[in-house]
Amino acid sequence: MIAEPTVATIAEAAELLRKGELVAFPTETVYGLGGDATNERAVAAIFEAKGRPQFNPLISHVLDAGQARRYVQWNAVADKLAQRFWPGPLTLVLPRVKNSAIALLATAGLDAAAVRVPSHSVAQGLIRAAGRPIAGPSANRSGAVSPTSAEHVAMSLGDRVKLILDGGPCLVGLESTVLDLTSERPTLLRPGGATREAIEAVIGTVAVSDALPSGDTARKSPGQLKSHYAPGRPVRLNATSVSVDEGLLAFGPNPPAGAMLTYNLSPTGDLGEAAANLFAQLRALDRPGIGRIAVMPIPESGLGLAINDRLRRAAADDGADSGS
Ligand code: TXA
Ligand code: MG
């Protein structure tokens, strides 16, 4: 059931979480499939509902750095980043504290846990009301495009969750940036809503995981297989012209003519607007009658890094399914 977020529905969702049930909730990045992060069975139910073929570690959503410190070993770099980016689209991977209450399954047996403080008021209200960290991957079936509206969630997981809190369209529209702080050198595991440039302005140069697309198969973050955000149709990147059997995902003021259907991520060429529209427009183009999705080139800077990462994954047809 899709519910408007009110004090009463948020309390109801929190009660479901405490009982070990799953609820879908809005964040500023994408909708999350939430379960009690301290409850192994609830976490197992998340993997099951998503149809995840393997146990990729999950992000635990918390209210603030103070709460994060109960579960992970904090450090000075984390502190700087939290002050600048939390609440917001940055996830930090840090060593678990001894006897961390976060379920072992939530970190897929790793010694490190991912924590994030969402800025969406409904997400914050839910964490507060639940009184515990909420494990939350994107609320889509494994391998599909992440949901940026309550309707998207209902379409893929409507029969799996009792409640979907409807917070409207997600403002960022791309998943959070995942930064690994467990080793000497901070390492970008997944580009996302917090740009690499903004992060480096705070802590200096970061390493980039070779698991990012175009890298080889070695990966530190298990959720980093290439084919990840796959629509059902083939995706063709860097399109400067289109054919009539294609749907065009355009960017900027002068898209080529001739596509069967065109959506423009941002007619003015604004990367923030493009990020917010990305998943909804990919979905809208992924429909009968369209043979292939053609995507115009997107600049490889700022949020363009994360947008291109998702597009390359959508285009990669390696048959693998990371299930995030
Ligand atoms: O914006 C987001 O991050 C959304 C919203 C709901 O918060 N969540 C999300 O979760 O995208 P998910 O499960 O789809 O992606 C989590 C990513 C995966 O790439 C996973 O491998 C990585 O974070 N990750 C989680 N825990 C990790 C850990 N302990 N070590 C390394 N990578 C980890
Ligand atoms: Mg995901």
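Arginine 236 sits opposite alanine 294 in β15. That contact belongs to the parallel pairing of β12 (residues 235-236) with β15 (residues 292-295), which has 2 bridges. Strands here are DSSP runs of E of at least two residues, helices are runs of H or I of at least four, and both are numbered from the N terminus. Two strands count as paired if DSSP finds at least two bridges between them.

A quick word on the ground rules: this is a predicted model, where local features need pLDDT of at least 70 and side-chain atom pairs count only at pLDDT 80 or more, while totals for chains, interfaces and linings use all residues. Residues are numbered from 1 along each chain as its sequence is written, chains are lettered from A and ligands numbered from 1 in the order written, and side-chain values use heavy atoms, leaving out hydrogens and water.

Back to the sheet. β15 also pairs in the parallel sense with β13 (residues 246-250), this time over 4 bridges, and glutamate 246 has arginine 292 in β15 as its bridge partner. β13 in turn runs parallel to β14, joined by 4 bridges, with glycine 247 opposite leucine 261 in β14. Put together, the 4 strands make an open, parallel sheet in the order β12-β15-β13-β14. β12 and β14 (261-264) are at the edges with a single partner strand each, so one side of each has no neighbour in the sheet.

Now for the helices. Axes are lines fitted to C-alpha atoms over the stretch in contact, with angles from 0 to 180 degrees between N-to-C directions.

| Helix pair | Axes come within | Crossing angle |
|---|---|---|
| α1 (residues 7-18) and α5 (residues 121-130) | 8 Å | roughly 50° |
| α4 (residues 76-85) and α7 (residues 196-203) | 10 Å | roughly 130° |

The α4 and α7 helices are therefore oblique to each other; oblique is what remains once angles under 35 degrees (roughly parallel), over 145 (roughly antiparallel) and 65 to 115 (roughly perpendicular) are taken out. Their crossing is right-handed, meaning the near helix is turned clockwise from the far one by less than a right angle. The crossing of α1 and α5 is right-handed as well.

And what volume does the largest cavity have? About 40 Å³. A cavity is a set of points on a 1 Å grid over the protein atoms alone where a 1.4 Å probe fits but cannot get out, and lining residues have an atom within 4 Å of a point. The volume is the space filled by probe spheres set on the points, which are joined across faces, edges and corners. Among the residues lining the largest cavity are Thr177, Leu188 and Arg196.

Methods
1 Å grid on protein atoms, 1.4 Å probe; cavity = no way out; pocket = protein on both sides within 12 Å on 5 of 7 lines; lining within 4 Å.
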